[in-house]
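Please look over the sequence and the model shown here before reading on.

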Amino acid sequence: MKLFSNTINSLENALSHSTTKQKVISNNIANVDTPNYKSQEVRFNTALSNEMQKLQATKTNAKHIEFGGSDTSNYRIVSRNNTNYQHNGNNVDIDQEMTEMAKNQIQYNALIERISGKFNSLKTVIKGGN
């Protein structure tokens with residue numbers, strides 16, 4: 001039984017992405033002076049996920065692996081190996097990371113407000129409008 005709407009599930013996925021992005025950005029900032037550290041970024045795989053949902057497959061043997069898999073994340077973390085900003089091989093651009101952190105924080109706060117509004121609406125319905 002599906003308890004919540006697709007909107008709440010989508011907001012939950014977006015919050016998960018934003019949290020992961022915040023961790024990656026924080027890790028980059030923490031390693032700004034680490035020699036040979038390569039910064040990382042979170043990349044969305046939305047197009048791939050959308051296309052995978054369109055495909056239909058039939059499991060013909062109990063030993064077959066599930067087609068869709070159990071991983072519902074639509075993003076991955078990758079290293080940026082193609083640049084060097086510092087003489088020590090490190091490629092963390094602190095200005096870019098701080099900008100990304102600020103944008104991510106704004107997005108996270110907006111998502112929190114939206115999901116909070118959804119739960120407040122559910123609470124109102126449960127209480128009968130009081």
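## Overall architecture

The model is predicted. Its secondary structure consists of three helices and two strands, which follow the order α-β-α-β-α from the N terminus.

The protein has 130 residues, of which 22% are buried. Among contacts with a separation of 6 or more, 78% are between residues 24 or more positions apart.

## A buried asparagine in a loop

N90 belongs to the loop between strand 2 (75-79) and helix 3. N90 counts as buried because its relative accessibility is 0%, below the 20% cut-off.

The side chain of N90 makes polar contacts with the backbone. A polar atom of this side chain lies 3.0 Å from the backbone oxygen of V32, and the side chain also reaches the backbone nitrogen of V92 at 2.7 Å. Leaving aside residues up to four places away in sequence, N90 touches several residues, including N31, V32, D33 and Y85.

## Salt bridges

Side chains of opposite charge can pair when their charged atoms come close. Five salt bridges are found in the whole structure. In one of them, K21 pairs with E100, with the closest N and O atoms 3.4 Å apart. This pair links distant parts of the chain, as K21 is in helix 1 (residues 6-30) and E100 in helix 3, 79 residues apart. E100 also forms a salt bridge with K103, where the closest N and O atoms are 3.2 Å apart. K103 and E100 are three residues apart in helix 3, so about one helical turn separates them. K103 is partly exposed, with a relative accessible area of 49%.

Another salt bridge joins the side chains of R80 and E97, at 3.2 Å from N to O. R80 lies in the loop between strand 2 and helix 3, whereas E97 is in helix 3, so the pair ties together parts 17 residues apart in sequence. R80 is buried at a relative accessible area of 18%, and E97 is buried at 2%. Through salt bridges that share partners, E41, R43, R80 and E97 are joined into one network.

## A nonpolar surface patch

On the surface, F119, L122 and I126 form a nonpolar patch, with about 300 Å² of accessible area together. F119 lies in helix 3 (residues 94-127) and is partly exposed, with a relative accessible area of 36%.

Terms used. Residues numbered from 1 in each chain as written. Predicted model: local features only at pLDDT ≥ 70, side-chain atom pairs only at ≥ 80, totals over all residues. Heavy atoms only, no water. Helix = DSSP H or I, 4+ residues; strand = E, 2+ residues; numbered from the N terminus. Buried < 20%, exposed > 50% of the residue type's maximum accessible area, 1.4 Å probe, protein only. Contact = heavy atoms within 4.5 Å. Patch = residues over 30% accessible without salt bridge, like charges linked within 9 Å, V, L, I, M, F, W, Y side chains within 5 Å. Areas by Shrake-Rupley, 256 points an atom, 1.4 Å probe, with all protein chains shown as cover. Salt bridge = Lys/Arg side-chain N within 4 Å of Asp/Glu carboxyl O. Polar contact = N/O pair within 3.5 Å; in protein donor to acceptor, adjacent residues only side chain to side chain.
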